[in-house]
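Please look through the sequence and the model below, and then follow the paragraphs that lead from the whole chain to a few of its residues.

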Amino acid sequence: MKTKAVKRILLTLVCGALTIALGACSGDKAGESSSQITIGIPQDIEDSLDPHKAVAAGTKEVLFNLYEGLVKPDSSGELQPAIASDYSISEDATTYTFTLRDGVKFHDGSTVTAEDVKYSIDRCADTTNGEPLVAAYSNIKSVNIVDEKTVEVVLNSPDSDFLANLTTAIIPASNENPDTNPIGTGPYKYVSRSPQENFVVEKFDEYWGTPANIENVIFRVCANADSIVMDLQGGSIDMFARVTTTQASQLGDQFNVLEGTMNLVQALYLNNAVEPFNDERVRQALCYAVDPQGIMDLISDGKGTEIGSSMFPAFEKYYMPELNDMYNQDFNKAKELLAEAGYPDGFSFTIMVPSNYQQHIDTAQVLVEQLKNIGVTAEIELVEWETWVSEAYTNRNFEATVVGVDASSLTASALLSRFVSDAPNNFINFNNADYDAAYARAEAAVDDAEKTEAFKECERLLAEHAANVYIQDLPCLVALNKKYAGYEFYPLYVQDISKLYIVEE
């Protein structure tokens, strides 16, 4: 496939794509005088304002500013004490004991108590309605209040990585409806939400830690990917966290474009339970047909990091770059596998793509062209984000989709637990006994080297069995008006707005 020819095709497709536009951003421009910033976000915060029930990465990255756990990650990936001022872990990694920080306040002015901590963790561990809200909490035996300043979490079996799961938000036990009345302890507190328009927060003056710099923050919904540059240049938003390289090149001198990584696994996710993707040979054929570097060259000027399984480079000790070479592009091998599977003339399928993520749309368009080389016809179905969550993620009613999957915590299990056969969030319906056994070994291991090797075995099995067509960890280009500075990248999919500040002229 000739790069120039494909680039012409891609440009034509981009121009002609039927993007589902939910409306451009609108509103007043943030200004220094009001200590305000307006941040564009690609979809509404509507799956849940309840931090324990939120699913979408785009929701969780905003709620990061409102909620905190006993510990919280910093921008270097280290876990820092938060609501807990100190903690200890027993030698057998079954008992985690936390000393609560003095005087931590909720946004309603009440003081965080040991009862609130126990309530929050118990709520996420509850299996009354099936699976716990936090999968790792299925290992919790008990949450015990030792005294008014001390809480211990006792596990059924050892887990040396469990601390990373205690970033789960602590909420008031008295708050009966956190979905409509979100109350946390973070540097910002909730003000209002206008569906499909904005989500407004303000600085929490009684925050226990380093206070936020900017008083008022408006997260404005910008679901039309085609209007992002216009919205930035026109001043209706001051920042957008994930612009494409093309969009970045169109911005004027009033913006800084900061470069990091998205810390997610972008792939062509395949529903392993539907034909023809229930045949491993078909999935492997698609892997041989796709060239991740070619995709990166076309959609992000070569930026990004190729990945060969469900792990991204920020998780350094787990990331396996050698898996990137398992399926070097080989059209003949791909055609042989298709013929063996009963598809000598190829087949047709549909790629469902959320219309508010231009990078995923662009990736799908290149995939369509690459797959033509092995006689496979793919059509793109653009859907609204809410439809994608409902149909693809929740109901598993799709053939294939291009999205990025993030990690909710700084653990390998955050990325790999979803592929256990009976995992409730196993939206691709991957079902492999060897994988289930390897994952169980990883979870049971106390020795770090043993745990790491078991998780790596999980990654190898996902690649060998072609659970998905893995592509890349996308580059993250943040467009920020030069009036503001202080943006920090995290090894997780979050936006820490408290670090931003207004540049004095």
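**From the whole chain to single residues**

The chain carries 35 positive and 76 negative side chains, and the centres of these two sets lie 3 Å apart; Lys and Arg count as positive and Asp and Glu as negative, while His and the chain ends are not counted, and each charge is placed at NZ of Lys, CZ of Arg, CG of Asp or CD of Glu. This is a predicted model, in which local features need pLDDT of at least 70 and side-chain atom pairs count only at pLDDT 80 or more, whereas totals for chains, interfaces and linings use all residues. Residues are numbered from 1 along each chain as its sequence is written, and side-chain values use heavy atoms, with hydrogens and water left out.

The chain contains 13 helices and 21 strands, where helices (H or I, at least four residues) and strands (E, at least two) are DSSP runs numbered from the N terminus. Its radius of gyration is 23 Å, close to the 23 Å that the globule rule gives for 505 residues, so the chain is as compact as a globular protein of that length; the radius is taken over C-alpha atoms, and the rule is 2.2 Å times the number of residues to the power 0.38. Along the principal axes, the C-alpha atoms fill a box of roughly 70 × 55 × 35 Å. Of the 505 residues, 57% are buried, with buried meaning under 20% relative accessible area, exposed over 50%, and partly exposed in between (1.4 Å probe, protein chains only). Among contacts between residues at least 6 apart in sequence, 71% join residues at least 24 apart, a contact being heavy atoms within 4.5 Å.

Strand β13, which spans residues 264–270, holds Q266. Q266 counts as buried because its relative accessibility is 0%, and its side chain is joined to that of H360 by a polar contact of 3.1 Å. A polar contact is a pair of N or O atoms within 3.5 Å; within protein, one must be able to donate a hydrogen and the other to accept it, and residues adjacent in sequence count only if both atoms are side-chain atoms. Leaving aside residues up to four places away in sequence, Q266 touches several others, including I307, V402, G404 and Y470.

The loops on either side of this strand deserve a look as well. N263, in the loop between β12 (255–261) and β13, has a positive phi of about 60° although it is not a glycine, and N263 counts as buried at 3% relative accessibility. P276 sits in the loop between β13 and α6 (280–289), and the peptide bond from E275 to P276 is cis, with omega near 0°.

Where does D301 lie? D301 is found in the loop between α7 (292–300) and β14 (305–306); D301 has a positive phi of about 55° without being a glycine, and with a relative accessible area of 54% D301 is exposed.

N139 occupies the loop between α3 (114–125) and β6 (140–147) and counts as buried at 14% relative accessibility. A polar atom of the N139 side chain lies 2.9 Å from the backbone oxygen of S157.

Finally, E386 belongs to helix α10 (residues 385–394) and counts as buried, since its relative accessibility is 19%. Its C-alpha atom is separated by 9.8 Å from that of A56, although E386 and A56 are 330 residues apart along the chain.
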